[in-house]
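Welcome! Take a moment to look over the protein and its ligand, and then let us walk through them together.

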Amino acid sequence: GQTPLYADLGGDAQVSFEFFPPKTEKMEQQLWASISALAPMGPRFVSVTYGAGGSTRERTHATVERIARETDIPAAAHLTCVGASKAEIAEVADAYWQAGVRHIVALRGDPPVQGKAFMPHPEGYASAADLVTGLRALHPFEISVAAYPESHPEAVSAQSDIENLKRKIDAGATRAITQFFFSADTFFRFRDAAAAAGIDAEIVPGILPVSNVAQTRQFAAMCGAEIPAWMDRLFDGLDDHPGARQLVAATIAAEMCRNLYTGGVRNFHFYTLNRAELSFAICHLLGLRAKGVSS
Ligand code: FAD
């Protein structure tokens with residue numbers, strides 16, 4: 001017979017949440033309200049992004065350090081090698097290690113001018129794989145890296161992009177987190193291709209709950225992800241209906257997560273954009289229940 005909706009989601013999913021470092025006092029309050037709201041979901045870790053070209057170095061550090069100090073959630077710091085020498089990277093990595101941070105999301109980063117080719121710093125790392133090797137030599141960090149189910153926009157081919165992911169794993173990363181995507185089949189094809197290439201590290205789907213298509217289109221244009229036409233249609237006419245927009249957003253993301261779960265996925269990473277509500281609702285639909293929290 002037919003599988004009843006959500007009947008099989010038994011609460012064995014595990015989640016992680018991504019945040020960006022706040023710019024203002026108000027944004028800082030919003031971030032901490034979101035962390036407090038999501039903490040009871042018992043995330044495996046939360047991560048904090050690194051602004052383009054390392055522009056948020058201090059703010060990322062301050063945010064990750066505060067999470068490490070004030071919560072019992074393992075905190076991961078994103079780190080990019082664009083525009084930085086190896087010595088500067090070592091300084092940043094040492095400061096994290098000293099602050100008790102044990103998990104780095106290691107990335108190459110994007111060129112400072114959009115559309116220009118990436119140029120490594122003359123004394124820097126040339127790619128994320130190189131950065132992973134460098135970090136490994138410094139401290140025994142847990143390292144996550146980026147993966148692209150629809151291929152990275154600069155990749156020569158889908159196959160070469162997968163080979164690059166394999167280099168990052170072989171260099172010492174333990175997990176890949178994917179760019180966002182909007183079809184479970186896209187993820188499954190990528191997972192199969194990665195397995196065929198001999199990648200056995202976990203590949204965690206990055207879930208972006210979309211409630212603002214225009215904003216998502218801007219992100220997507222930069223990172224090569226496709227916004228399907230059906231998504232525009234689903235949000236068409238909802239500009240003046242924020243409540244309905246949130247419900248539609250939760251439905252789309254939850255449906256995709258349910259399909260991923262049915263296909264064997266148990267780990268999910270949420271791009272929260274520093275807002276808790278949608279990610280919280282989707283975790284709930286995935287069968288997770290908020291637990292009493294000690295922090
Ligand atoms: P790499 O893995 O080095 O790959 C870059 C490109 O070069 C790919 O096309 C790859 O196929 C190609 N390549 C690399 N080595 C070789 C080789 N030897 N031969 C042929 N081709 C090669 N950006 C930020 O600035 N801050 C963040 O906090 C941040 N967080 C992110 C988190 C996640 C989960 C993801 C998916 C992305 C994130 N990004 C972030 C974006 C990321 O920095 C960009 O996508 C960047 O353009 C590529 O970074 P990478 O680590 O994937 O690079």
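## Terms and confidence

In what follows, helices (H or I, at least four residues) and strands (E, at least two) are DSSP runs, numbered from the N terminus.

Please keep in mind that this is a predicted model. The protein has a mean pLDDT of 93, and 97% of its residues reach 70 or more. For the complex, the predictor gives an ipTM of 0.99 together with a pTM of 0.96.

## Around the ligand

There are 25 residues around the ligand, and those that come nearest are Thr49, His78, Arg108, Ala128 and Ala146. By kind, the residues of this shell divide into 10 nonpolar, 10 polar and five charged.

Which elements each supply at least two residues of the shell? They are the strands E3 (75–80), E4 (103–107) and E6 (175–180), along with the helices H4 (128–138) and H5 (158–170). Helix H5 gives the most to the shell, with four residues.

## Where H3 meets H4

Helix H4 also packs against helix H3 (residues 86–98), at an angle of about 55° and with the two axes 11 Å apart. Because of that angle, H3 is oblique to H4. The crossing of H3 past H4 is right-handed.

And which residues meet here? From H3 come Lys86, Ile89, Ala90 and Ala93, while H4 brings Gly134, Leu135 and Leu138. The residues of this contact divide into five nonpolar, one polar and one charged.

Conventions. Residues numbered from 1 in each chain as written. Predicted model: local features only at pLDDT ≥ 70, side-chain atom pairs only at ≥ 80, totals over all residues. Near = placed C-beta within 6 Å. Nonpolar A, V, L, I, M, F, W, Y, C, P; charged D, E, K, R; others polar. Axes fitted to C-alpha atoms, helices over the stretch in contact; angles between N-to-C directions. Parallel < 35°, antiparallel > 145°, perpendicular 65-115°, else oblique. Left-handed = near helix turned anticlockwise from the far one by under 90°. Contact = placed C-beta atoms within 7 Å. pLDDT = per-residue confidence, 0-100.
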